[in-house]
Amino acid sequence: MATKAAGRKPETQLALVRRARKMNRVLAETYPDAHCELDFGNPLELLVATILSAQCTDKRVNMVTPILFAKYPTVADYAAADPSEMEEIIRSTGFFRAKTNSIIGMARAVCDRYGGEVPGRLKDLVTLPGVGRKTANVVLGNAFDVPGLTVDTHFQRLVRRFGWTEESDPVKIEHVVAELLPRREWTIFSHRVIWHGRRICHARRPACGVCPLAALCPSYGTGPTGEAEARKLVRPGPFS
């Protein structure tokens, strides 16, 4: 659906597609090393790490997972885990009781329904405890090389600021963006836009004055437009 930014003429769907793809190209040039910032070695580890990342920074998750992965190397180990022991390991990630229940429940479901192998299809992944579309798309895109859009809070905020959609429902946002970009770009675009949201396009004060998308973004001016002030807001490292 075409959008209309404040003070601008309505944008046709074709114009929106062209602008969206140009913005993706700019993000590709800006973040050539964009990637999943959760550390993992296989689909199971990524699934567990993504469950832990809810309401928690990737940096914190990466501090916890080496201990967790060493204690529970297989899905059967997670399924048989003592909840109190797992809770102590992941306590610092927040909501540790709910996350423990999700991880153990997920592992038991994988053992019972999928022979102990994390499934590689969206429709199967979303049936697992603690696994929604966002988590499923993270796992599919980064562990199975199946293109998917990761609609997290950064993603939602940015595509609305970009004027790509006015939707607020993550599933609807996913479908809108899927129509704007080639399928092969979905996973890497998700990383690029999340990196941009973490580093420049912040929720409260985006660094508009140094944003590489300034000329293409209808929300330019939401944050400081002066280069010196904006540059102070740029965050160079991995953040949530």
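Guide: One cut-off to begin with: a residue counts as buried when its relative accessible area is under 20%, and as exposed when that area is over 50%. Bear in mind that this is a predicted model.

Visitor: OK. Is Thr150 buried or exposed, then?

Guide: Thr150 has a relative accessible area of 8%, so it is buried.

Visitor: Where in the chain does Thr150 lie?

Guide: Thr150 is in a loop, the one between helix H8 (133-143) and helix H9 (153-161).

Visitor: And which residues does Thr150 touch?

Guide: Leaving out residues up to four places away in sequence, Thr150 touches Lys134, Asn137, Val138, Phe155, Ser190 and Ile194.

Visitor: Phe155 is on that list. How accessible is Phe155?

Guide: Phe155 counts as buried because its relative accessibility is 0%.

Visitor: Let's do rings. How many aromatic pairs does the structure hold?

Guide: There are 5 aromatic pairs in the structure. One of them joins Phe155 and Phe189 edge-to-face, with 5.7 Å centre to centre and 85° between the planes. Phe155 belongs to helix H9 and Phe189 to helix H11, 34 residues apart, and the pair links these distant parts of the chain.

Visitor: Why does Phe189 count as buried?

Guide: Phe189 has a relative accessible area of 0%, so it is buried. Phe189 also forms an aromatic pair with Trp164, and this one is stacked: 5.4 Å centre to centre, 15° between the planes. Here the link runs from the loop between H9 and helix H10 (170-178), where Trp164 lies, to Phe189 in helix H11, 25 residues apart.

Visitor: Trp164, buried or exposed?

Guide: Buried, because the relative accessible area of Trp164 is 0%.

Visitor: Which residues make up the ring cluster?

Guide: The cluster consists of Phe155, Phe162, Trp164 and Phe189, linked by ring pairs.

Visitor: Changing topic: how many salt bridges are there in the whole structure?

Guide: A search of the whole structure gives 11 salt bridges. Among them is a bridge between the side chains of Glu11 and Arg19, at 2.8 Å from N to O. Both Glu11 and Arg19 are buried.

Visitor: What about Glu37 and Arg198, how far apart are the closest N and O atoms?

Guide: In the salt bridge between Glu37 and Arg198, the closest N and O atoms are 2.4 Å apart. Glu37 sits in the loop between helix H1 (13-30) and helix H2 (43-52), and Arg198 in helix H11 (residues 186-199), so the bridge ties together parts 161 residues apart in sequence. Glu37 and Arg198 are both buried.

Visitor: With which residue does Glu37 form a salt bridge at 3.0 Å?

Guide: That partner is Arg199, with 3.0 Å between the closest N and O atoms. Arg199 is in helix H11 and Glu37 in the loop between H1 and H2, so this pair ties together parts that are 162 residues apart in sequence.

Visitor: What are the accessible areas of Glu37 and Arg199?

Guide: Glu37 is buried because its relative accessible area is 10%. For Arg199 the relative accessible area is 8%, so Arg199 is buried too.

Visitor: Last one: which ring does the charged end of Arg199 sit over?

Guide: The charged end of Arg199 sits over the ring of Trp195, 4.0 Å from the ring centre.

Terms used
Residues are numbered from 1 along each chain as its sequence is written. This is a predicted model: local features need pLDDT of at least 70, side-chain atom pairs count only at pLDDT 80 or more; totals for chains, interfaces and linings use all residues. Side-chain values use heavy atoms; hydrogens and water are left out. A salt bridge is a side-chain nitrogen of Lys or Arg within 4 Å of a carboxyl oxygen of Asp or Glu. Buried means under 20% relative accessible area, exposed over 50%, partly exposed in between (1.4 Å probe, protein chains only). Helices (H or I, at least four residues) and strands (E, at least two) are DSSP runs, numbered from the N terminus. Contact means heavy atoms within 4.5 Å. Rings of Phe, Tyr and Trp (its six-membered ring) pair if their centres lie within 6.5 Å; planes under 30 degrees apart count as stacked, over 60 as edge-to-face and the rest as tilted. A charge sits over a ring if NZ of Lys or CZ of Arg is within 6 Å of the ring centre and within 35 degrees of the ring normal.
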